[in-house]
Each structure stands twice: as C-alpha cells, then as structure tokens.
Amino acid sequence: ALPILSPAVLLRIAIALLAFAFVFGVIGVATPGWLVRGGIGVGLWAACSEGSCARITDHDPADDATRAMTVLSLIFTVFAMAFVKMTHKAVIEATSEVGRKSKITAAVCFFSALLMIIGLAVFAGNMESVLGSSISRYYGYSFYLLWVAVGFQIGAAATLFYLAKQIDKEKIDRKS
C-alpha cells in the first residue's frame, strides 16, 4: 500500500513535477539540439554550426505541427500549475472541491503530456521519412529533454489522481 501523504504535500509534489516539466520543456523547445551530428545542431527554430546559428525559415507542415504541439503543451503545463494553486487554496479552505479540482488538474496534465508526445512523434516520423531510419542515432539532447518533461507531466498527473482517490476514500470513510 502507498503511504498516505497529506493533500498539501501531494500538491507540493505535483507543482514541483510541473515546474521541472516546464523548465525541461522550455529548454527542449528553445534549443537547437533536436538533431545533432558532426557539430551541427538542428532545432525547431534554428540550426547551429560551430557557434553560429541560422533561423529556420522554411515552413514544413510537420515542423509547424511539432512547434504547435510542443508550445501548446507548455501552455497547458502553465495552466496545470495555476490549477494546482487553486486546488491548494481549496485544501487550505477545506472545501469539498479538492477531489474534483485534483481530477481536472490531473486531466490537464495528461492532456499536456499527450500534446508533447504528439509533437515528438510528428517530429520523429517526419525525420524518419525525410532522412531514413538511421536518423534515430542523431536525436539530440533537446529531443530527449522533452521526453523527460513528459515523464514529469505524467508524474504530476498520477500524483493528482492519487490525491483525488485519497480524498474520495476519506469521503466514503466519513459516510460509513
């Protein structure tokens, strides 16, 4: 059985996980390390070689979809952090809304992770079709940072679902 943690502790864990997801996500989206090979790094916005970068100006639909999904994921991560703060306020005020707000916030976290996964899958699929299957050896740190961000988003969602389950169990125990 999992240890019972207070709602305030679970919310602190969720906000920390979301903060890590956001930081890793921003770094991953903003940096030119999606594909790295021989001193050249390509990102969503720029390609860099030996210290100089050039902005990516072509508008490949797959690249645009990746940009859109990853940026939307970051926006929803910020929304989730705001919802965690509202849930924390409900905990402090001891309202009956804690369980419902936790479930809604967890759903936003999962949705944010799903958007990021879609963006990463679109990017990987496009690179495989353009450059061939050997490209997987060249995914760089930016690409992998976003997978770590997805892990943090899912961890936050799981924490919030656990909180909602704990709150629901307490309600049932009080009725018994």
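In this predicted model, helix 1 lies against helix 2 through a contact in which Pro7, Ala8, Leu11, Ala14, Ile15, Leu18, Ala19, Ala21, Phe22, Gly25, Val26 and Val29 on the helix 1 side meet Thr70, Val71, Leu74, Thr77, Val78, Ala80, Met81, Val84, Thr87, His88 and Val91 on the helix 2 side. Sorted by class, the residues of this contact comprise 18 nonpolar and five polar ones, with no charged residues.

Two packed helices are described by the angle between their axes and the distance between the axes. For helix 1, which spans residues 7–30, and helix 2, the angle is about 165° and the axes are 10 Å apart. Because angles over 145 degrees count as roughly antiparallel, helix 1 is roughly antiparallel to helix 2. The crossing of helix 1 and helix 2 is left-handed.

Helix 2 also packs with helix 3, at an angle of about 165° and with axes 8 Å apart, so that helix 2 is roughly antiparallel to helix 3. The crossing of helix 2 and helix 3 is left-handed, and the residues of their contact divide into 22 nonpolar, 10 polar and two charged.

Two residues give a local view of these helices. Thr66 is found in helix 2, which covers residues 61–92, and, leaving aside neighbours within four places in sequence, Thr66 is in contact with Trp34, Leu44, Gly119, Val122 and Phe123. Asn126 belongs to helix 3, residues 98–131, and touches Asp60, Ala62 and Asp63 when residues up to four places away in sequence are not counted.

| Residue | Relative accessible area | Class |
|---|---|---|
| Asn126 | 13% | buried |
| Thr66 | 0% | buried |
| Cys48 | 12% | buried |
| Cys53 | 53% | exposed |
| Cys109 | 0% | buried |

A search of the whole structure finds one disulfide, and this link is formed by Cys48 and Cys53, whose sulfur atoms lie 1.8 Å apart. The link of Cys48 and Cys53 is right-handed, with 105° about the S-S bond. Of its two partners, Cys48 counts as buried because its relative accessible area is 12%, below the limit of 20% for that class, whereas Cys53 counts as exposed because its relative accessibility is 53%, over the 50% that the exposed class requires.

Notes:
Residues numbered from 1 in each chain as written. Predicted model: local features only at pLDDT ≥ 70, side-chain atom pairs only at ≥ 80, totals over all residues. Heavy atoms only, no water. Helix = DSSP H or I, 4+ residues; strand = E, 2+ residues; numbered from the N terminus. Buried < 20%, exposed > 50% of the residue type's maximum accessible area, 1.4 Å probe, protein only. Contact = heavy atoms within 4.5 Å. Axes fitted to C-alpha atoms, helices over the stretch in contact; angles between N-to-C directions. Parallel < 35°, antiparallel > 145°, perpendicular 65-115°, else oblique. Left-handed = near helix turned anticlockwise from the far one by under 90°. Nonpolar A, V, L, I, M, F, W, Y, C, P; charged D, E, K, R; others polar. Disulfide = S-S within 2.5 Å.
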